[in-house]
Amino acid sequence: MKRTTIRPENVHQAALLRLLRDGGRSRAELGDVVDLSRSKLNVELDRLVELGLAEPDGLAASRGGRRSGRVRLSQSTRFAGIDVGATSIDVAVTDGELKVLGHLSEPCDIREGPAAVLDRAIDLLGKLRRDGLYDDLTGAGIGVPGPVSFAEGVPVVPPIMPGWDRYPVRETIGQALCCPAMVDNDVNIMALGELHTGLARSVGDFLLVKIGTGIGCGIVVDGKIYRGVSGSAGDIGHIRVDDLGPVCSCGNSGCLEAYFGGAALAREAVEVARSGGSPYLAERLAAAGTLTAEDVGAAAAQGDPGAIGLIRDGGRRVGQVLASLVSFFNPGLVIIAGGVAKLGHVLLAEIRSVVYRRSLPLATGNLPIVLSELGETAGVIGATRLISDHVYSAN
């Protein structure tokens, strides 16, 4: 049976909880940033303490008069973040301020199906519970590598997730963990992670491009995820870049993802190795029988010209798509993330070169294009940000 989570009773309490999510503050400091009278502010804060959502935190330094009492979120608050990728799964438990208390990661094939993958996620969270990181969860956020109907909490015809179409992910996780749950596309939760504690913390409008097994884009407008009418906004991996290109997992030909997703890069690496264009990759292929994007990165780090050529070609195609997005959206920041993004600065330099050359100067004059610094924690932090936005709301 699902445990009932205590929620704020009105929009004022919800706004205060979201402010406290960034760290404890004095009542006077909160009064500086919310549009409430001092008496009304104190009433709402006292009520949050009564509800167990917040707690006193001593006295603040004097600002010239009587010292103001500090308030912080309840120290018993715990959120779970689940980031399901095509080839791995990450889980984490955070406190109310979304500080990671424990994080586990392991390989996991999305093609095993929703029951097996979600059971594994629940098992990993069970390990963190047995380690004493939580007794009960306030909420759980989940990211999956495919299109999601956000309102329904289900994946919809996800190209690289056989067996997941319309599977009740939100309901399954919520019932298993006895708490509210929310599910979104994995790129969107990574963007939320960057917004909360990453490079985009002070940027209201930005794009996060994830290059992994698939390619997607998280769109943040005025500090909020833009999902589109049905939840498919940002699916840039299926923008066609060549009418005569290879067949994509979505069934169309010439998609960006068919050229530079993780599987596509591995395929191209095998061709380069067999054609004699890369001694390093040829040696690796002979030893392992297969190649991965990580092999391409290792070869490039050794100065292998074939591997560097593959990265530059992929970066050029990503840059072509991104240049159009930049001219259309005019973001304040572009973050490149995901497993293939670990190819690093060779990839980043090519993407930058194409975007800065092809986009309008007004759009790129002050546009940073950077690699994510959060790594594997971006998704799990973003997942907890997603569910905390829900819990810390009055709806």
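This is a working chat about a predicted model.

Biologist: What should I know about the model before we start?
Modeller: The model is predicted, so local features need pLDDT of at least 70 and side-chain atom pairs count only at pLDDT 80 or more, while totals for chains, interfaces and linings use all residues. Residues are numbered from 1 along each chain as its sequence is written, and side-chain values use heavy atoms, with hydrogens and water left out.

Biologist: Which helix holds E257?
Modeller: E257 is found in helix α7, residues 256–260, where helices are DSSP runs of H or I with at least four residues, numbered from the N terminus.

Biologist: Is E257 buried or exposed?
Modeller: E257 is buried, with a relative accessible area of 9%; buried means under 20%, exposed over 50% and partly exposed in between, using a 1.4 Å probe and protein chains only.

Biologist: And what is E257 in contact with?
Modeller: Leaving aside neighbours within four places in sequence, the contacts of E257 (heavy atoms within 4.5 Å) include I160, T213, H238, C248 and A264.

Biologist: New topic: at what angle do α8 and α9 pack?
Modeller: Helix α8 (residues 262–274) and helix α9 (residues 279–288) pack at about 105 degrees with axes 8 Å apart, the axes being lines fitted to C-alpha atoms over the stretch in contact and the angles running from 0 to 180 degrees between N-to-C directions. The two helices are therefore roughly perpendicular to each other, a label covering 65 to 115 degrees.

Biologist: Which residues meet there?
Modeller: A269, V270, A273 and R274 in α8 meet L281, A282 and L285 in α9.

Definitions and conventions
Parallel < 35°, antiparallel > 145°, perpendicular 65-115°, else oblique.
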